[in-house]
Amino acid sequence: MPILETDQLIKQYKQYDATVTAVNRVSLKVEDGEFVAIIGASGSGKSTFLHVCAGLERANAGSVKIRGRDLTKMSADELSRFRGIYTGFIFQKHNLIPQLTALENILIPTIMCNKEAYRYEEHLAKLIDMLGIGDRLHHLPSELSGGQQQRVAIARALINRPQVLFADEPTGNLDRGNADEVLELLLRTRKAIGQTILMVTHDITIAEKADKIYLMEDGRLRLFRDADGNYRRNSDEVSADKARLT
């Protein structure tokens, strides 16, 4: 059984008098432990699709299953509890609470799940060491660099040991050096913790590190590169796609 599976997923929005289909009948299977990247231009629907998969937005039709549980059939309370146990989410803009220290931001998911300290202390120490943020824990977000804020956001997403980590343009606001560093940290934590990663990105260089790459265009998803490194288009078409996304 795939750890994450969508079937004929549809997400629509009302825009003035028109209906916009951001996600158009998307079916996807992600295996346990895979790193899957979704690339696409701005407005292609990739971030909306990610948010629906993570249970942050509701689908209009179709299903989203994580570990065989259908998120589309859960109540708001059930969905909130399920997300806290099984998923983590990294946002492009960090979404740290400015009045809280780095450590307090990291611990928000444990508070929401009513976890006692002994259940996460050892894991917290490993994350802090792995992400190199031990000397920044008592600083406010405004006192951290962009790269440091993203490290805190990664720790927050991983503190509950999620089985699926969703990442929405996690390197989008970083320069090349920090972007590469954040990606390496994600790959390192994936190896250490073993979680599945579903990431959307406009950066083909980042996407190339994934096991599989999908391309989203006008709300539709297709395989761009498979697990064996084979591209599903001819070389000229692949070069054109990469040029648009570089």
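The largest nonpolar core holds 40 residues, and Ile106, Ile133 and Met199 touch the most other members. A nonpolar core is a set of buried Ala, Val, Leu, Ile, Met, Phe, Trp, Tyr and Cys residues joined through side-chain atoms within 4.5 Å. Buried means under 20% relative accessible area, exposed over 50%, and partly exposed in between (1.4 Å probe, protein chains only). This is a predicted model: local features need pLDDT of at least 70, side-chain atom pairs count only at pLDDT 80 or more, and totals for chains, interfaces and linings use all residues. Residues are numbered from 1 along each chain as its sequence is written, and side-chain values use heavy atoms, with hydrogens and water left out.

- Helices (H or I, at least four residues) and strands (E, at least two) are DSSP runs, numbered from the N terminus.
- Apart from this core lies another, of 28 residues, including Val26, Leu50, Ile66 and Tyr214.
- Met199 touches Phe35, Val36, Ala37, Ile38, Ala167, Pro170, Leu183, Leu186 and Ile206, not counting residues up to four places away in sequence. Contact means heavy atoms within 4.5 Å.

**Aromatic pairs**

- There are 4 aromatic pairs. Rings of Phe, Tyr and Trp (its six-membered ring) pair if their centres lie within 6.5 Å; planes under 30 degrees apart count as stacked, over 60 as edge-to-face and the rest as tilted.
- Phe89 and Phe166 form a stacked pair, 6.3 Å centre to centre with 25° between the planes.
- Phe89 lies in strand β6 (residues 87–90) and Phe166 in strand β7 (residues 164–168), so the pair ties together parts that are 77 residues apart in sequence.
- Both Phe89 and Phe166 are buried.
- Ring pairs link Phe89, Phe91 and Phe166 into a cluster.

**The open sheet**

- An open sheet is formed by 4 strands in the order β2-β1-β4-β5, with antiparallel pairing. Two strands pair if DSSP finds at least two bridges between them.
- β2 (18–30) and β5 (69–70) stand at the edges with a single partner strand each, so one side of each is left without a neighbour in the sheet.
- Strand β4 (residues 61–66) pairs with β5 in the antiparallel sense over 2 bridges.
- Ile66 has Arg69 in β5 as its bridge partner.

**Leucine 215**

- Leu215 is found in strand β9 (residues 212–217).
- Leu215 counts as buried because its relative accessibility is 2%.
- The C-alpha atoms of Leu215 and Thr110 are separated by 34 Å, and these residues are 105 residues apart along the chain.
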